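Please consult the sequence and the structure alongside the text.

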Amino acid sequence: MFNETKKSMQWGEETLTLETGKVARQADGTVIATLGETSVMANVTFAKEAKPGQDFFPLTVHYQEKYYAAGKIPGGFFKREARPSEKETLTARLIDRPIRPLFVSGFKHEVLVMCTVLSHDLVNDPDVVAMIAASAALTISGVPFMGPIAGARVGFSNGEYVLNPSVEDMDHLRNNPEQRLDLVIAGTKDAVMMVESEAYELTEEEMLGAVQFGHDAIKPVIDLIIDLAEEAAKEPFNFVAPDYSELYAKVKAAGEEQMRAAFAIKDKQERVNAVSAARDAIKAALTEEELEDSNLGSAFKKLESSILRGDVINGGARIDGRSNTDVRAIVSEVGILPRTHGSALFTRGETQGLVVTTLGTGDDEQIIDALHGNSRSNFLLHYNFPPYSVGEVGRVGSPGRREIGHGKLAWRALQAVLPAATDFPYTIRVVSEITESNGSSSMASVCGGSLSMMDAGVPLTAPVAGVAMGLILEEDGRFAVLTDILGDEDHLGDMDFKVAGTENGITSLQMDIKVAGITAEIMKQALAQAKDGRLHILGEMAKALTSASEFSVHAPRIETMQVPTDKIREVIGSGGKVIREIVEVSGAKVDINDDGTVKIASANADSIKKAYDMIYSIVAEPEEGAVYKGKVVKIVDFGAFVNFFGKRDGLVHVSQIENRRLNHPSDVLKEGQEVWVKLLGFDDRGKVRLSMKVVDQETGEEAKKEEESAE
């Protein structure tokens, strides 16, 4: 019944297996990839005809994590997988980015790639396995795909690169001082196509070494995919790339001069209007049939690309007049919103981000439900890209893949410089509102986020800046690396290379290549140029702020204390009775972790002190010889019981009340009276012995001994 094909190899410390022919046989291509005991099924289907008038390539990539893969049942009321999680969205982008440029130029048929996690061993992350499975499924499907690609994860620990480190090693990277890098790389056998990373201030040389290490590691995997395809691949789909050379010649003849003049305008909005007018003029010169040609958009893009790229590659200035290494003018401002905890307005040319920081308590931490278990995050970064930022009218809805991806990139860039949770026990939320955009708004979010957090009083270990690099690579090998690219340079260029970091090193690197041909030489120059740009931007940011300013008066104060783990139950009380009383009486918010860390939060310092004292009285032990202020709770014939330490009572024997003989303790004491007592010690049965007569009842100071007084 089944025509199975299976290929395996040893990859790092695990066995990688690719198999096809048994499951989902009606899809154009299906491969189940298994690394260790993590298995991902990738299914590829594509339309055999393009939709009439289709003028773009409609590729859709989905990545789904099924909870059964790790033996879990989803949380919530519905108990089924619902909308994509952040991890699923980011992984779908991770797969999409390296495969999209490798489809044959002009192919505009719908393509659907679906990756489903079937099994997760909690050691090998499914994202890299999904990328390999998707590449293999595309390779055997017959779709015009110029792959295969493969992917790998690279760590950097104790000066050594590590292939495919475990999920545990990569989870909570900033809590693992030995692990300094989480990098995912994808590429063909000849070229790197995509890099995504978060790092702890790696040098340019260390980062380049990681990319080269990862590229070498994926080459055997590509050979394995080719071995599978040689036995299991379907006949290639009969697709002939459309020839629109005649249409392009007409478009060029009709409007090259006007289009070139439009691109010479430096102001973005004026340039956009001029380019639109040039397009309209070209359309007016075309026939009805030519206007309906689905390749018209490609012809326009080719004309615009030739103008922009030709000027730069031949040594001319860029469209806004800058040289290849110039960064646009920068203005940094902080503290611009009066009631927020921290705020910054970062403007670079025509890209601007209003970035706001809010500080919260442990209750505000994000709970993350993942296949490998639940976790909490005390650092959140959200990126918003409204239509008005580019002068457009558009639909406003929930965050899209692009917004989630850009937000995560900025999060990766900033997480390396955050203070330890033990030193700064706050939940930090950064929101980047992009108010203007003309290229590299994610890097503006990094710069603005760094300034905004420092404005809120967050003690970052160092400011972070980011810059986006571009590339123009010609067929004859000539290339130009561009610093701080504009939107048009990103759209019409060959590379989007974003680098963020401090003065000391890189904290995040994201690279997307649109052509299969970037070399180590190009990447080395891009990293060196990016470092110069980053240092320049840090210098401009320093004009506004260089380190944490005073703590915001509007943010809650948090004080931490450590209690013995065996005392946690006493602090919480039966059914939470004790901790509720502490919160009600003090007015402070109290969070207790399983390790005994207690966070007390309030805008009022007196509330924090009251809660602290109440908790301390529960968990601390009274010290022998110390003086305490207490309250008489019961009077008996032989003395008085005094509540002197939290809920702890002790006996003041009638002989220890005053330096004279009393007929009855009630002669001088009454219930509810406040007194000073000294803890004499404990009797054989563990009962507390207190004394009033050795303490001055007015001052609370220990009275001098008689022999000292005699002297």
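## A loop proline

Is Pro242 buried, partly exposed or exposed? The model discussed here is predicted, and in this model Pro242 has a relative accessible area of 31%. Because buried means under 20% and exposed means over 50%, Pro242 counts as partly exposed.

Pro242 belongs to the loop between helix H4 (204-232) and helix H5 (245-263). From Pro242 to Arg279 the sequence separation is 37 residues, and their C-alpha atoms are 22 Å apart in space.

## Overall form

The chain contains 16 helices and 29 strands. Its radius of gyration is 34 Å, whereas the globule rule gives 27 Å for 711 residues; the chain is therefore more spread out than a compact globule. Along the principal axes, the C-alpha atoms fill a box of roughly 120 × 65 × 45 Å.

Of the 711 residues, 51% count as buried. One separation within the chain is that between Ala542 and Pro622, which are 80 residues apart along the chain and have C-alpha atoms separated by 51 Å. Ala542 is located in the loop between helix H12 (520-541) and strand E22 (557-562), and its relative accessible area of 35% makes Ala542 partly exposed.

## Helix H1

Helix H1 comprises 14 residues, 86-99. The distance from its first C-alpha to its last is 21 Å, close to the 20 Å expected at 1.5 Å a residue.

Why can H1 be described as largely enclosed by the rest of the structure? The reason is that 12 of its 14 residues are buried. The buried residues of H1 include the charged side chains Glu88, Arg93, Asp96 and Arg97, and also Leu90, Leu94, Ile95 and Ile99, which count as nonpolar.

## Strand E13 and its partners

Strand E13 (residues 351-360) is mostly covered, with eight of its 10 residues buried. E13 pairs with strand E12 (residues 342-348) through seven bridges, and the two strands run antiparallel. Within this pairing, Ser343 has Val356 of E13 as its bridge partner. The hairpin of E12 and E13 has two residues between the strands, and Gly349 in this hairpin adopts a positive phi near 60 degrees.

E13 also pairs with strand E17 (residues 427-436), in the antiparallel sense and over nine bridges.

## Strand E21 and its partners

For strand E21 (residues 506-513), eight of its eight residues are buried. Which strands pair with E21? Strand E10 (residues 192-202) is joined to E21 by six bridges and runs antiparallel to it, with Val195 opposite Met511.

Strand E20 (residues 495-501) likewise pairs with E21 in the antiparallel sense, over seven bridges. In this pairing the bridge partner of Asp496 is Asp512. A hairpin of four residues connects E20 to E21.

## Cavities

The lining of the largest cavity consists of Leu35, Asn124, Asp125, Val128, Val129, Arg153, Asn164 and Pro165. By class, these lining residues are four nonpolar, two polar and two charged.

Most residues other than glycine have a negative phi, and most peptide bonds are trans. Ala24 has a positive phi, near 55 degrees. Ala24 lies in the loop between strand E2 (14-20) and strand E3 (29-35) and is partly exposed, with a relative accessible area of 34%. Asp484 also has a positive phi, near 55 degrees. The loop that holds Asp484 runs between strand E19 (479-483) and helix H11 (487-492); Asp484 is buried, with a relative accessible area of 0%.

The peptide bond from Gly147 to Pro148 is cis, its omega being near 0 degrees. Pro148 is situated in the loop between helix H2 (126-141) and strand E7 (150-157).

How values were computed:
Residues numbered from 1 in each chain as written. Predicted model: local features only at pLDDT ≥ 70, side-chain atom pairs only at ≥ 80, totals over all residues. Heavy atoms only, no water. Expected span 1.5 Å × (residues − 1). Buried < 20%, exposed > 50% of the residue type's maximum accessible area, 1.4 Å probe, protein only. 1 Å grid on protein atoms, 1.4 Å probe; cavity = no way out; pocket = protein on both sides within 12 Å on 5 of 7 lines; lining within 4 Å. Pairing = 2+ DSSP bridges. Rg over C-alpha atoms; globule rule 2.2 N^0.38 Å.
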